Amino acid sequence: MFNSNTDIQVRGTKTIKLPKVSVTGYKDHSRNTTGFNAGTYSNSFEEKSLDHDRDIEFSIDPMDVDETNQILSIANIQTRFERTQAIPELDCYTFSKIFAEATRVGALIKTAPLTKANILEDFDANMEALEDAGVPLSRCILYCTATYKKILKNAEGVQRVLDVSKGNGLDRRVHTMEDVSKIVVVPKERFKTVYDFTTGYTVDAKGKQIDYILIDPEAQVSRVKYSYIQVFTPGSDSRTADNYLYQNRRFNGTFGLDGMLAKSCIIHSEPAGV
């Protein structure tokens, strides 16, 4: 989702202004006049703000590096941080923010339990809703848990047949999993509705499990405006003294496009009362 809407850039400020241009349509042409019918146009702006500004710093004593046989080296700490903190947190923030934005604009959020018996009907209904809204299915991505994908795959072979004549039938499967551009499995831990980002990321007490997010990436904008990683060696400046110093900062945000997200995103989650 960070590669969509490449024409929208963040420059100079954390607030992004998105133009909303509207124009009127055709009118009947008259052959008895030489003029054309006048149309009107207007423009307004949506303002969105990046809101996830994060940093961390590790000061590493060279004796800890030596006495752990390089286990606590800068390289190992950086690798572990990226794998266990930075990347998972970016997922947690992005998906929970998409859920919040979908809720804000009134997108379809389902909570009825999914089973092998009804999951294909739910899948077809989602495809139909997107097609009716004019959303290209080939552009959509289905983010889901492994549990949802397992149920869907187990139901995938079910044939729904309508008898139209003696001994013959019509296979009326409407959609396949290949209708969407791709399916991305998301670990359940990174697929909750609300997180607490006080220190790292933890599931908020109000956080519920998301089962899937079916979305056209063009209906949202996700951007990393600023990313900084720096390593200082012992004695490189007065603040590090004889320690190694690792610094990491990332400033990013995700938001939905008001005119598109409501019709281009369908989510299934755990009911709020659970």
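**Strand 13 and other elements**

Reply: Arg250 in strand 13 is the bridge partner of Ser227. The model is predicted, so local features need pLDDT of at least 70 and side-chain atom pairs count only at pLDDT 80 or more, while totals for chains, interfaces and linings use all residues. Residues are numbered from 1 along each chain as its sequence is written, and side-chain values use heavy atoms, with hydrogens and water left out.

Strands (E, at least two residues) and helices (H or I, at least four) are DSSP runs, numbered from the N terminus. Two strands pair if DSSP finds at least two bridges between them. Strand 12 (residues 220–232) is antiparallel to strand 13, with 12 bridges between them. Strand 13 is also joined by 9 bridges to strand 3 (residues 52–60), again antiparallel. Opposite Phe58 stands Tyr246 of strand 13.

Burial is judged by relative accessible area: buried is under 20%, exposed over 50%, and partly exposed in between (1.4 Å probe, protein chains only). Of the 13 residues in strand 13 (residues 244–256), 11 are buried, so the strand is mostly covered.

Elsewhere, an open sheet of 5 strands with mixed pairing has the order 4-14-11-5-8. Strand 4 (108–110) and strand 8 (182–185) are its edge strands, each pairing on one side only. On average, neighbouring strands of this sheet are turned by 15 degrees against each other, direction ignored; axes are lines fitted to C-alpha atoms, for helices over the stretch in contact, and angles run from 0 to 180 degrees between N-to-C directions. Strand 5 (residues 141–144) runs parallel to strand 8, with 4 bridges. Val184 in strand 8 is the bridge partner of Tyr143.

Helix 3 (residues 119–132) has 14 residues and reaches 20 Å from first C-alpha to last, close to the expected 20 Å; the expected span is 1.5 Å times one less than the number of residues. Its buried residues include Ile119, Phe123, Met127 and Leu130. An α-helix has 3.6 residues a turn, so residues three or four places apart point the same way. Asp122, Asp124 and Asn126 are also among the buried residues of helix 3. Gly134 follows helix 3 and has a positive phi, near 80 degrees.

Finally, Tyr41 lies in strand 2 (residues 41–49). Tyr41 is exposed, with a relative accessible area of 71%.
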